[in-house]
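My notes follow in the order I looked things up.

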Amino acid sequence: MLAQCAEPGSLQGLSWLMCYLTSGKHMLFYGSFLTVLALLAITAPVALLFGFGGAIASRSGILPIRWFGKIYTSMVRGVPDIIFFLFVPIALDQGLEWLRHQVYCDSDAPVRQGNEFIVCAAAKLPLSSSPGWVHDTYGFALAVVAFAIVFGAFAANVLYGAMQAVPHAQLETAEAYGMNSRQVTRRILIPQMWVYALPGLSNLWMILIKATPLLFLLGVEDIVYWARELGGAKSSAFTYPHPDWRLYYFLVILVFYLLMTWCSEKILARLTWRLSRGQATLGGDAIRKGV
């Protein structure tokens with residue numbers, strides 16, 4: 001904060017606005033944009049990993065594994081997303097605290113007492129003595145897991161369909177050359193499937209971008225939280241009194257998401273073109289004709 005901002009009541013015009021926009025809470029607001037970008041950067045590969053595992057499990061020749069893959073994709077896709085976004089962090093948090101309670105707490109009392117979930121202080125996550133950044137990181141990590149599980153199920157369905165779309169003649173040809181099933185999957189199936197999977201994965205990426213405001217519901221101080229906090233009307237009791245400015249804050253968020261969408265479309269279009277080059281597929285032919 002600038003030195004002249006020490007006495008906001010004496011400021012007028014542009015000086016007041018500059019001090020207002022460089023206040024501590026506004027710095028947290030600017031930092032919350034990085035929180036959204038970090039969520040996207042971490043969740044996307046983790047969800048893709050979950051999706052790849054779900055797709056491979058759904059194609060497995062071992063019945064229990066195939067059931068697991070089918071149940072995972074069907075259950076998550078069939079339940080409203082908000083249910084999993086709220087359920088997964090609570091279930092994971094209480095599960096970890098229950099395990100820590102068994103190790104660190106010398107008590108025979110059940111952790112579930114009526115409607116209350118009670119563990120000893122040593123089992124709490126994070127510990128009450130932990131600094132604030134630990135609490136923030138822990139809440140963010142739970143949010144990442146929740147997002148990854150939900151979008152991993154949708155990615156699994158997309159990847160499974162892409163694997164099914166790879167021409168079966170190519171797989172049979174690879175087997176005729178003496179490749180085993182693992183080699184066929186690694187050298188033929190997976191490289192070929194990306195052309196078919198990318199349109200569906202692109203849509204999932206756009207949906208993931210639009211879902212990031214749900215961080216607010218998970219207790220993470222994201223851009224929506226700070227837009228409501230800073231944009232609401234402030235009376236003379238506050239350092240920087242102002243009328244209701246939420247419209248302007250949410251307009252900034254609107255521009256941010258539009259820019260994210262525009263950049264994503266450009267990058268995904270380029271990636272589709274690169275992956276389709278040299279592929280003996282209808283998708284590849286269509287890309288080459290358009291160039």
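This is a predicted model: local features need pLDDT of at least 70, side-chain atom pairs count only at pLDDT 80 or more; totals for chains, interfaces and linings use all residues.

Next I checked the span of helix 7. It has 31 residues, yet its end C-alpha atoms are only 38 Å apart. A straight helix would reach 45 Å at 1.5 Å a residue.

I then looked at the start of helix 7. N180 caps the N-terminal end. A side-chain oxygen of N180 lies 3.2 Å from the backbone nitrogen of R182.

Which way do helix 7 and helix 9 run relative to each other? I read an angle of about 170° between helix 7 (residues 181–211) and helix 9 (residues 246–276), with the axes 10 Å apart. Over 145 degrees counts as roughly antiparallel, so helix 7 and helix 9 are roughly antiparallel to each other.

I listed the contact residues. Helix 7 contributes W194, V195, L198, S202, W205, M206 and I209. From helix 9 I noted several, including Y257, M260, E265, L268 and L275. By class, the residues of this contact divide into 11 nonpolar, five polar and one charged.

Last, I went to the peptide bond. L125 and P126 are joined in cis, with omega about -15°. I placed P126 in the loop between strand 2 (116–117) and helix 5 (132–165).

How values were computed
Residues are numbered from 1 along each chain as its sequence is written. Side-chain values use heavy atoms; hydrogens and water are left out. Axes are lines fitted to C-alpha atoms, for helices over the stretch in contact, and angles run from 0 to 180 degrees between N-to-C directions. Helices (H or I, at least four residues) and strands (E, at least two) are DSSP runs, numbered from the N terminus. Angles under 35 degrees count as roughly parallel, over 145 as roughly antiparallel, 65 to 115 as roughly perpendicular and the rest as oblique. Contact means heavy atoms within 4.5 Å. Ala, Val, Leu, Ile, Met, Phe, Trp, Tyr, Cys and Pro count as nonpolar, Asp, Glu, Lys and Arg as charged, and the others, Gly among them, as polar. The expected span of a helix is 1.5 Å times one less than its number of residues. A polar contact is a pair of N or O atoms within 3.5 Å; within protein, one must be able to donate a hydrogen and the other to accept it, and residues adjacent in sequence count only if both atoms are side-chain atoms.
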